Each structure stands twice: as structure tokens, then as C-alpha cells.
Amino acid sequence: MSEEKLPTRAENYSEWYNQVVLRAEMADYAPVRGCMVVRPYGWSLWENIQGSLDRRFKATGHTNAAFPLLIPMSFLQKEKEHVEGFSPELAVVTHGGGSELEEPLVVRPTSETIIGYMYSKWVKSYRDLPILINQWGNVVRWEMRTRLFLRTLEFYWQEGHTAHATAEEAEEETRKILDIYTKFAVDDGAVPVIQGRKSETEKFAGAVRSYAIEAMMGDTRALQSATSHNLGQNFAKAFDIRYLDPNNELQYAWTTSWGLSTRFVGAIIMTHGDDQGLILPPKLAPIQVVIIPIYKNDEEQSKVMETVERVKRELSAFRIHVDDRPGFTPGFKYNEWELRGIPLRIEIGPKDVEKGTVAFARRDRPGKAGKSFVQQTNLSGQVAEMLIDIHASLFSRALAFRNANIFEPRTYDELKEIVQGGWAFSWWCGNKDCEAKIKEDTKATTRCIPLEQPGGTGRCIVCGEPANEKAYIARSY
RNA sequence: CGGGGCGUGGCGCAGUCCGGCUAGCGCGCUUGCAUGGGGUGCAAGAGGUCGGAGGUUCAAAUCCUCUCGCCCCGACCA
């Protein structure tokens, strides 16, 4: 950790973000342009994200499998919109084993095609449906401009791919997953999100309908945090996924796909972080509680460490770390663990040993405001309560921030003003041209048409034509 | 791909315009002593073919030519 001061978010948000990621040791730049190394601390956070989602998927009947990294180029070309959407950003393997390949292989940018191919082999009867498979893996998209976690050439994610007998079932699945993502974001990440439908121009290449959860970052820009797509029969037709129904009639299946990526790590950082650095939500934090022993000689050390060891055992239900590195002052350690976002710090020094107390310092309230001295009795219960409270306060703070930065423009000029530093929520006729005009004028895009609508009708904020839905419009990552 | 910037110990930089001692500085690292309840102090060390190739010159981090790479801003996106 070289420089002592982090740039503040107000000074330079994107520099703040980069430095937090690097200095908290979440990730580092790899020797390949646009690629990152996820360091142990960042990966540990990702593993907790994985664990939570994986349990939720399995609880709803999904199972995991693994499909190849390399996909024949011709597969991508089978679905028209899909190939148009992805071909500009494909990494293509043309040589293998020293000779040129007969058919180039693409490094998967997403796996609808190769999974569709396999599903066509596996699905023969309505009894084979539904197929509910998820895959944890990595994909490559040759992005032009990259940011650690938010957009890298290679990223890690889960991609679920399901096939169903009816359109209704596929839609139900798509929405069920959207709910899972939402619950995960809110209950585990403390990240408030808005569920919505993507516009035609923003939807996934090859989907009939795309849904997403959108979150507001600390600079008010929007981040699409997960998506769930109803693919209709597009891929079933492209890959011939057909089954015989109970009436012995041949039918195309209906498929879905859905994903959440390491980008969510970026969402956590930018939703909760403050000028001291990261603030990790307690349920996902790799370390929930850090204990800092304080002493100045051997005698004090042995007394303090005795208490520290006892407290550590008592808190074994939590992810806990004792920072007993010699040669670092307590103050240095406080700052370092604050930068790294540990939700709760416990300080134990000679005075605490005497009085039978420990000091709590909650990360969501830096400085003296977050400090309290508590008795050493029932520490486990006190910590549990504190972590719940931190989660709740992180969520409500983020929600309040988001609500304070959403505005309803009355005119197009107002909209242009709003999206410079917030989200606009306004009537939109659904026309692509209006969307394009907004983007052209402001760089903001329609983030989603929220599932929760106010009802009634209005006039499109751009063209003034009748509109029956409202949309969120914002600049996004 | 268009525009801008930068490559000098692990990291951040100075030195380059105007060629010339042994290539400096801060942080980090190692060792020792002190310190230890909010970014500790002192001392001694280790560590560099100046992105690469070619050229000019008595002499190149510095000038010339070519080249490679990275970062930032736009078009594309989880």
C-alpha cells in the first residue's frame, strides 16, 4: 500500500474506484490488455456470491454442469440476431497443435449456442423437459474499453440455460430467476435494485424479452447487475430443440438464459464504498470480523492474546481474522482493514482485559461515531446483532441515496439536465428513435421499463406521443 | 479504429527541451533498536542492461529512424 490517501469519490470517482480495487487487493491488472487477476480477497468475495446464488438455484431445482470453452464458429452464425450482436467482440482460435483449423473456434462469449446444440440431442419427449442447468465459468468478449470487474475481456459468471415445453413455463422461469437475483442482491448484497424489462435496443442479442436488475452506483450511474432472458423459440429453432408432446405432435421447445457476473463485485464496491475505501456487506464479506490486539510489551501481549484467543473461539461461527502482525501500529491496521471493507472491527487492549470489555468499530460509521465498548459477555450474540444492523443500514442508506437521485422530468430539457447527475423516470412511447435521440443528446440510455408501473398513461418525454409505460433513463456503466 | 498521454529498481516519479561525473528522489522491501488505544521513529542495507532494435557521436536515459506495449477520451458492451 503505497500512497496513504485515497482520492475522494467527489474528486475523481473512477480513480477512487480503481485505487480501492487495487489497494484492497481485490484484483490486479494482468499482463494482457483488458484482463484482470482476481486476487484471493476478491475471489473469496466472489466465492461467497457463488455460494449464495448456487444454493438459491439448487433450491429451485437447477443443477450445475460444464460445457466447452471453445465453440465452432458456425454455431454462432445459426441465430441471426445473436451473431450480429456478438461477432464484433469474439476472440477466435484459428490454429491448434501447430496447424490451421478447418473451422475456426470462438472462445465462448456466452453459451446459448453450444448448449442449444446439446439440448437438441437430449430433448426428444415432453418427459425430457424442463431442463434446468446452470454453469459456472468464464467467458471472453473483446471489449474496447475495460474497467476492473465492470468490463474485462474475460470475466467469470454463472449462466443458466433452461428448456421448457411451453411459452408460459419459459416466461415463468425467466421471472423466477429475476426474483432470485433480486433477493440475492437485497438480502445478501444489501444492494437495492429495480426489476425491469429491457427495451428492444437494449435486450440480449437473440432474446424475445430481456429482464434485468438495475442498481444505482455511488456516482448515480446505473449498473445492470444481472439479466434474465426469455429466448422464446429462437434458439430452439436455430438448434432444432424439438420434442414430441403428449399428443405425439412435434413441438419446438422454449428456452431461457440468465447470468450474473463478477461485475456484481463492482456493484458492491460502488454501492457501499466511502472515502475510506470498501464497505462489504456482512453476508458476503470474506472476513466479517477482524480482531486487532493492542499491547506494548510481552506482559501485556500475553494477557491480551489470552483474551483474544478466547474471543476468537467464541466467535467461531463468523468469518474472523486476528491481525496479530508485529511491527504495525493499531492505527495502521484500522486504516488498512477499513480500506478493505471489513464490516466489524474488534479492538482488544490491556484496558479491555482489565474491564472485561472489547471495542466495536462498525465500518458503516467511520471514526468515533461507529465505536462502542461492550461487555465480553454473549459476544457471539452481540456480533450477530451488529452484523444484521450493519446490513440493514447499508441497504437503507443505498436505497435513500437512490431515491434521492431519481427525478421525474416534465420536459425533455429537464430530462437532459437530470441524467447528468441522476436517473430520470419518465413516460416513453417505446419508439427506438426517441431512445436514440436521448442517447445522442445525453449519453443516457433507457435502463429498464420497471415491472412496477404507476398505472395510467402519459406523453412520451421525447416526442409527446401517447405512452403507457414509464422507463428509467440514466447514464450507465 | 480515431484523438491524447506515458514507458527510468517492486510501485510512484525527477532527469530528456540544451548529450558529458558513479542515473537520483519518495514509498515499499530487508536487518537492528526504540515505539504500540487512529496511517510510528531512528539507523544501516538490498535492489536499475533507463520498453526493444538500429543509427549519429569521443560520449546516448537524453538526438534521429523503426518497433512493441500500456493508460486516458470517443464508437461497442454483463
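Strands and helices here are DSSP runs numbered from the N terminus, with at least two residues (E) for a strand and at least four (H or I) for a helix. Two strands count as paired if DSSP finds at least two bridges between them.

Residues are numbered from 1 along each chain as its sequence is written, chains are lettered from A and ligands numbered from 1 in the order in which they are written, and side-chain values use heavy atoms, with hydrogens and water left out. Because the model is predicted, local features need pLDDT of at least 70 and side-chain atom pairs count only at pLDDT 80 or more, whereas totals for chains, interfaces and linings use all residues.

- L70 stands opposite V107 in β6, and V107 is also the bridge partner of A91.
- Strand β5 (residues 91-96) pairs with β6 in the antiparallel sense over 5 bridges, with G96 opposite S99.
- The hairpin of β5 and β6 has 2 residues between the strands, and G97 takes a positive phi near 55° there.

**Eleven-stranded sheet**

- A second open sheet has 11 strands in the order β3-β7-β8-β14-β11-β10-β9-β22-β25-β21-β20, with mixed pairing.
- Its edge strands, β3 (63-64) and β20 (406-407), each pair on one side only.
- Helix α2 (residues 40-59) packs on this sheet and touches β3, β7 (131-140), β8 (154-164) and β14 (254-261); contact means heavy atoms within 4.5 Å.
- The direction of α2 makes about 165° with that of β7.
- Strands β9 (residues 194-197) and β22 (residues 445-450) run antiparallel and are joined by 2 bridges, with R197 opposite I449.

**Surface near the RNA**

- RNA strand B is surrounded by 38 residues, the closest being M144, R145, R151, T329 and D352; a residue is near the strand if one of its heavy atoms lies within 4 Å of it.
- Sugar and phosphate make up 40% of the atoms of RNA strand B that come within 4 Å of the protein.
- By class, this surface has 11 nonpolar, 9 polar and 18 charged residues (Ala, Val, Leu, Ile, Met, Phe, Trp, Tyr, Cys and Pro count as nonpolar, Asp, Glu, Lys and Arg as charged, and the others, Gly among them, as polar).
- An N or O atom in the side chain of T329 is 2.4 Å from a phosphate oxygen of RNA strand B.
- An N or O atom in the side chain of Q224 is 2.8 Å from a sugar or linking oxygen of RNA strand B.
- α10 (330-339), β17 (344-348) and α11 (350-355) are the elements that give two or more residues to this surface, and α10 gives the most, with 7 residues.

**Salt bridges**

- The whole structure contains 27 salt bridges, each a side-chain nitrogen of Lys or Arg within 4 Å of a carboxyl oxygen of Asp or Glu.
- In one of them, D275 pairs with R9, and the closest N and O atoms are 3.1 Å apart.
- D275 lies in the loop between α8 (263-272) and β15 (289-293) and R9 in the segment before α1 (13-23), so the pair ties together parts that are 266 residues apart in sequence.

Conventions: A polar contact is a pair of N or O atoms within 3.5 Å; within protein, one must be able to donate a hydrogen and the other to accept it, and residues adjacent in sequence count only if both atoms are side-chain atoms. Axes are lines fitted to C-alpha atoms, for helices over the stretch in contact, and angles run from 0 to 180 degrees between N-to-C directions.
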